[in-house]
Amino acid sequence: GARGGQVPLAGSRLCLYEDGTELTESYFRALPPQTELVLLGPGESWPGCTSDIERFLAAFSSQRDEVVEAARQLLSGERAPKRQKLLADLIHNLSENILAEERGEDEKWFEGLESRFKNKSSYMRYSCESRIRSYMKEVSSFISNVHPAAREAYKGIVDLMADKLKSVKYNGCYFDRREEEEAARLCTQEGWFSCQGPFDSDECPSKHSINPYSNRESRILFSTWNLDHIIEKKRAVVPELAEAVKTRAGREVNWEYFYQLLFTVENLKLVHIACHKKTNHHLSCDKAKIYRKGKENHKIS
């Protein structure tokens, strides 16, 4: 490399990469560290990288009509509304502080939340845990509808479910973007969530998506999205559990199957409120899974 302004070849010169300014020895010594330089041989010149930008802009301008036509095609046709929405979402979220995690990095996001929440993931975990706890409360309170002779057994199953939920921290990790392996089933590392409904379709026709980590408005809006039970909790799963306990006749209720339906993404879809259909899903539990299989168990039809 050059030392003290000396260059390795006779007749060669050093200049600034940015604008092509040729260096004198005194100018060289005054340069800040990591300044990018260009070594020119005899007869060579360097106009600076700004000339590259000018050439690029000139080339872009000469293709103006083609660029306009390409943009027009992107924003026309049957897929145009989805593209426009994705573009609007992108513009809206790029200006926000999505990657900030700690409270001090994005104070606005935490406005209205208790001071105990020190980072975004801790609040998102709490929010998810609250939803799951509410499902557990519904299962527990249903005991008043259970046949009196089966209530003790029903309560025993409720206790087993509660213990399992506590051991996995109420599945709050599904909404923690730092728990990548667990969260991957519902979201990406960056915290994007996509609507998985309505329940009877493979994908959301409106392409709803949201990043609750991006800004306060998105955080609040995300709280209106539903974790929708595909096989419905109130109409199907909980009554079926109560019935299974009542009619078990010596068989062992497969409570872990009901746990899976009530509290895990096996039976939960994240759905935008507009896609959450309140109509009956007309889906029921798998009769073959209600009781544990074993020699002492009767086969049920």
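Modeller: The largest nonpolar core has 51 residues, and those with the most contacts inside it are Val139, Tyr154, Met161, Leu241, Phe258 and Phe263. This is a predicted model, in which local features need pLDDT of at least 70 and side-chain atom pairs count only at pLDDT 80 or more, while totals for chains, interfaces and linings use all residues. Residues are numbered from 1 along each chain as its sequence is written, and side-chain values use heavy atoms, with hydrogens and water left out.

Colleague: What makes a set of residues a nonpolar core?

Modeller: The members are buried Ala, Val, Leu, Ile, Met, Phe, Trp, Tyr and Cys residues joined through side-chain atoms within 4.5 Å, where buried means under 20% relative accessible area (exposed is over 50%, partly exposed in between; 1.4 Å probe, protein chains only). Apart from the core of 51 residues lies another core, of five residues, among them Leu14, Leu23, Phe28 and Leu31.

Colleague: Why are H5 and H6 called roughly antiparallel?

Modeller: Helix H5 (residues 120-141) and helix H6 (residues 151-167) pack at about 170°, with axes 10 Å apart; angles over 145 degrees count as roughly antiparallel, under 35 as roughly parallel, 65 to 115 as roughly perpendicular and the rest as oblique, and therefore this pair is roughly antiparallel. Their contact (heavy atoms within 4.5 Å) involves Ile132, Met136, Val139 and Ser140 of H5 and Tyr154, Val158, Met161, Ala162 and Leu165 of H6.

Colleague: What makes H10 mostly covered?

Modeller: Seven of the nine residues of H10 are buried, including Trp255, Tyr257 and Phe258.

Methods: Axes are lines fitted to C-alpha atoms, for helices over the stretch in contact, and angles run from 0 to 180 degrees between N-to-C directions. Helices (H or I, at least four residues) and strands (E, at least two) are DSSP runs, numbered from the N terminus.
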